[in-house]
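I opened my notebook for this one and looked up a few things in the model. Here is what I wrote down, in the order I checked it.

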Amino acid sequence: MIFSGLVNGNQLFRIFKKKMTPKSSVPGSDKSWIRLTAAYKTPSTGMSIWQLVNTLVPYIALWFVMVYLIQISWWLVLPVSLLAAGFIVRLFIIFHDCGHGAFFRSKTAADITGIVLGILTFTPYYRWHHAHLIHHRTAGNLDKRGVGDVWTLTVDEYRNLPARKRMFYRIYRNPFIMFGIGAALMFLVMNRFTRRDFSWKERISVYVTNLGIAVLAAGISLLIGVKNYLLIQLPAVYFASMAGVFLFYVQHQFAGVHWYRDQDWDYSIVAINGASYLKLPGILQWFSGNIGFHHIHHLSSKIPNYKLEKCQRENEAFHQVIPVNFRESMKSLSLRLWDEDRQKLVSYRLAGA
């Protein structure tokens with residue numbers, strides 16, 4: 001996650017600005033940067049439990065508030081569901097850390113916590129993490145796209161598609177579809193089904209999550225009614241899914257990102273050049289569980305989310321990483337294709353497509 005003491009700030013700055021460079025000639029590709037993350041990898045049981053408390057308790061309290069308000073008017077519930085969505089995102093970050101072994105030292109404790117949080121966030125624990133771990137091993141690799149990432153074509157690939165498939169790609173990459181419809185469909189619908197290529201563990205994960213959601217929904221519905229349950233739960237999950245997919249999108253789809261062919265791909269280099277440092281306002285950073293420090297997370301996924309900022313702050317080398325602010329992240333929505341000649345993400349217009 002951090003950089004070798006042999007690499008000074010000026011060297012790092014040149015690395016960040018370079019176009020594709022063979023990994024054998026890039027300082028740090030010997031994993032010396034990653035070794036410097038050791039001091040931050042050990043989770044703190046106390047800090048992890050406190051994070052569960054300060055996330056779960058307010059989320060449950062907001063449910064009581066929304067149950068009370070819905071007796072008056074659903075329109076009073078809606079703004080509260082936005083706040084509840086923030087806590088769902090934060091729960092998802094804890095769920096995410098559990099799968100990386102970054103939240104509890106005990107794998108059993110992490111897995112049990114992750115499975116329960118998967119029910120609350122509508123995401124099957126083992127299934128999601130199987131795809132996500134593949135993402136960590138292939139992020140930024142042009143020759144290994146397709147699992148746990150956002151569908152991204154090169155300019156040449158897009159031009160060679162038949163018109164119908166180009167239209168489908170445009171629809172998929174449209175922000176209103178990706179965040180407004182696709183995100184909710186993924187969490188509410190697609191996560192409910194298995195596929196033939198799933199392992200037995202992934203299948204069981206889907207079944208257990210579905211059962212947990214059904215039991216929880218039935219229990220709450222018996223107390224407040226099915227209609228009220230849906231009017232509270234669905235908006236909160238909808239807003240949370242939008243925010244979650246947007247965060248994942250800008251972590252690897254931003255101006256300045258680098259993608260590499262397999263022979264040039266290197267884990268530590270891609271972590272810095274292929275994952276963003278999304279600098280969010282303090283309150284949004286809290287709700288998003290520090291995931292904006294995504295460059296650090298990709299260097300070492302074993303670091304708990306509550307130690308990512310400390311790692312960034314205490315190591316001068318990371319101060320050279322150019323952050324992406326919220327305004328710049330919104331501009332990234334127009335970047336749709338990877339241009340191998342220009343070595344950057346481009347819009348359809350710039351690609352002439």
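**Entry 1: where α5 touches α10**

I began with a contact list: Ile-115, Gly-118, Ile-119 and Leu-120 in α5 meet Val-208, Thr-209, Gly-212, Ile-213 and Leu-216 in α10. Contact here means heavy atoms within 4.5 Å. I sorted these residues into 6 nonpolar, 3 polar and no charged. My classes were nonpolar for Ala, Val, Leu, Ile, Met, Phe, Trp, Tyr, Cys and Pro, charged for Asp, Glu, Lys and Arg, and polar for the others, Gly among them.

A note on the source: this is a predicted model, where local features need pLDDT of at least 70 and side-chain atom pairs count only at pLDDT 80 or more, while totals for chains, interfaces and linings use all residues. Residues are numbered from 1 along each chain as its sequence is written, and side-chain values use heavy atoms, with hydrogens and water left out.

**Entry 2: the angles**

Helix α5 spans residues 107-120 and helix α10 residues 200-224; their axes come within 8 Å and cross at roughly 55 degrees. That makes α5 oblique to α10, oblique being what remains after roughly parallel (under 35 degrees), roughly antiparallel (over 145) and roughly perpendicular (65 to 115). Axes are lines fitted to C-alpha atoms, for helices over the stretch in contact, with angles from 0 to 180 degrees between N-to-C directions. Helices are DSSP runs (H or I, at least four residues), as are strands (E, at least two), numbered from the N terminus.

Next I followed α10 to helix α11 (residues 226-252), and found an angle of about 120 degrees with the axes 7 Å apart. That makes α10 oblique to α11. On the α10 side, Ala-217, Ile-220, Ser-221 and Ile-224 make the contact, and on the α11 side Val-226, Asn-228, Tyr-229 and Ile-232. This set divides into 6 nonpolar, 2 polar and no charged.

**Entry 3: a ring pair**

I counted 24 aromatic pairs, taking rings of Phe, Tyr and Trp (its six-membered ring) with centres within 6.5 Å; planes under 30 degrees apart are stacked, over 60 edge-to-face and the rest tilted. The pair of Trp-151 and Phe-168 is tilted, because the ring centres are 6.0 Å apart and the planes stand at 50 degrees. Trp-151 sits in the loop between α6 (125-138) and β1 (153-154), and Phe-168 in helix α8 (residues 163-173), 17 residues apart.
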